[in-house]
Amino acid sequence: MARGAYALARVAVYVRTAGTALWWTGAVAAGAGLAFPGLTGRRIGVLGGAALFLVAAATAFLARRRRCTGMIGAASAAGKWVVLHDRAVTVRAWLRTRRWWLVAAFAAAVGSSWAVPAAGGMLLAGAGAGLWAKAVWLGRWERRHEKLLWVRPEWAAGRSPARKGVRGWMTTGPLAGDAAPGGARRRPAAVARERRPRARVTAAAR
């Protein structure tokens, strides 16, 4: 690594990964929960779960929204030489730090189905949907301004790019890295044309 270089990970990839993980964990837990009649019955469980889904989605989308907006406004251009983490590297880092939390959340959601079928799983899925919507919101900003938002991974600690310990976000040009605006995979044709070599110190403004 060149002297003075530092690593960056995509903000939207962190958010999108959390949303996807919670969505699938909740969806599977809700499906498993339907196997139990529960104390309230399946119909009430599903209706209650739908309400929890909407509340969780709105809460996850709005949580730290003001902080995110402030960090976007204060974001500075990344240095000339940085190591841009691949999308897969960021995804693995998030899953590694949260895997046991996801297992515990899944077990709790399925266990709650003994009382209210499927509601716990739908709560988790709603939180995932809200985070996915937040990643889409970030992606729209990135497309509109033709910039990508990044954070130093040691500040995010593999968890949330908007956590209290994060000092700020940085920006690069729209073609940096291997993830599209919003944190999704780039289309195959775009990857072949724009992909940078892995673990290579590269100019962020390129």
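The questions and answers below concern this predicted model.

Visitor: How many helices and strands are there in the protein?
Guide: The elements run β-α-α-α-β-β-α-α-β-α-β-α-β from the N terminus on. Sorted by kind, they come to 7 helices and 6 strands.

Visitor: What percentage of the 206 residues is buried?
Guide: A residue counts as buried when its relative accessible area is under 20%. Leucine 8 in strand 1 (residues 6-10) is one example, with a relative accessible area of 0%. Among the 206 residues of the protein, the buried share is 48%.

Visitor: How far apart in space are leucine 8 and methionine 170, C-alpha to C-alpha?
Guide: Leucine 8 belongs to strand 1. In sequence, 162 residues separate leucine 8 from methionine 170. In space, their C-alpha atoms are separated by 8.5 Å.

Visitor: What is the distance, N to O, in the salt bridge of arginine 10 and glutamate 142?
Guide: Arginine 10 is in strand 1 and glutamate 142 is in helix 5, so that the pair links distant parts of the chain, 132 residues apart. The side chains of arginine 10 and glutamate 142 meet in a salt bridge, and the N to O distance is 3.0 Å.

Visitor: Are arginine 10 and glutamate 142 buried or exposed?
Guide: The cut-off for a buried residue is a relative accessible area under 20%. Arginine 10 has 2% relative accessibility, and glutamate 142 has 1%. Both values fall under the cut-off, and therefore arginine 10 and glutamate 142 count as buried.

Visitor: Which residue forms a salt bridge with arginine 152?
Guide: The count of salt bridges comes to 2. Arginine 152 is partly exposed, at a relative accessible area of 21%. The closest N and O atoms are 2.8 Å apart, and the partner is glutamate 154.

Visitor: Which element gives the largest share of the lining of the largest pocket?
Guide: The largest pocket holds about 520 Å³ of space. Of its 24 lining residues, Ala18, Leu22, Arg64, Leu131 and Ser160 are the closest to the centre. Helix 1, helix 2 (42-62), helix 4 (87-112) and helix 5 (119-145) are the elements that give two or more residues to this lining. The largest share, 5 residues, comes from helix 1.

Visitor: How many residues in the lining of the largest pocket are nonpolar?
Guide: By class, this lining has 5 charged and 2 polar residues. The count of nonpolar residues in the lining is 17.

Visitor: What is the phi of arginine 64?
Guide: Most residues other than glycine have a negative phi. Arginine 64 lies in the loop between helix 2 and helix 3 (65-74), and is partly exposed at 45% relative accessible area. Although arginine 64 is not a glycine, its phi is positive, at about 60°.

Visitor: Which loop holds glutamate 146?
Guide: Glutamate 146 also has a positive phi, near 55°, in a residue other than glycine. At 56% relative accessibility, glutamate 146 counts as exposed. Its place is the loop between helix 5 and strand 4 (148-151).

Visitor: What is the volume of the second largest cavity?
Guide: A search of the whole structure finds 2 cavities of 30 Å³ or more. The residues that line the second largest cavity include Arg10, His85, Trp150 and Asp178. By class, this lining has 4 nonpolar, 3 polar and 4 charged residues. The volume of the second largest cavity is about 30 Å³.

Visitor: Which element gives the most to the nonpolar patch on the surface?
Guide: Trp23, Trp24, Val28 and Phe106 form this patch, with about 410 Å² of accessible area together. Valine 28 lies in helix 1 and counts as partly exposed, at 46% relative accessibility. With 3 residues, the element that gives the most to the patch is helix 1 (residues 11-33).

Key:
Residues are numbered from 1 along each chain as its sequence is written. This is a predicted model: local features need pLDDT of at least 70, side-chain atom pairs count only at pLDDT 80 or more; totals for chains, interfaces and linings use all residues. Side-chain values use heavy atoms; hydrogens and water are left out. On a 1 Å grid over the protein atoms alone, a cavity is a set of points where a 1.4 Å probe fits but cannot get out, and a pocket is an open set with protein on both sides within 12 Å along at least five of seven lines; lining residues have an atom within 4 Å of a point. Grid points are joined across faces, edges and corners, and a volume is the space filled by probe spheres set on the points. Ala, Val, Leu, Ile, Met, Phe, Trp, Tyr, Cys and Pro count as nonpolar, Asp, Glu, Lys and Arg as charged, and the others, Gly among them, as polar. Patches are made of residues with over 30% relative accessible area and no salt bridge: like charges are joined within 9 Å, nonpolar side chains (Val, Leu, Ile, Met, Phe, Trp, Tyr) within 5 Å. Accessible areas come from the Shrake-Rupley method with a 1.4 Å probe; for residues, only the protein chains shown count as cover. A salt bridge is a side-chain nitrogen of Lys or Arg within 4 Å of a carboxyl oxygen of Asp or Glu. Helices (H or I, at least four residues) and strands (E, at least two) are DSSP runs, numbered from the N terminus. Buried means under 20% relative accessible area, exposed over 50%, partly exposed in between (1.4 Å probe, protein chains only).
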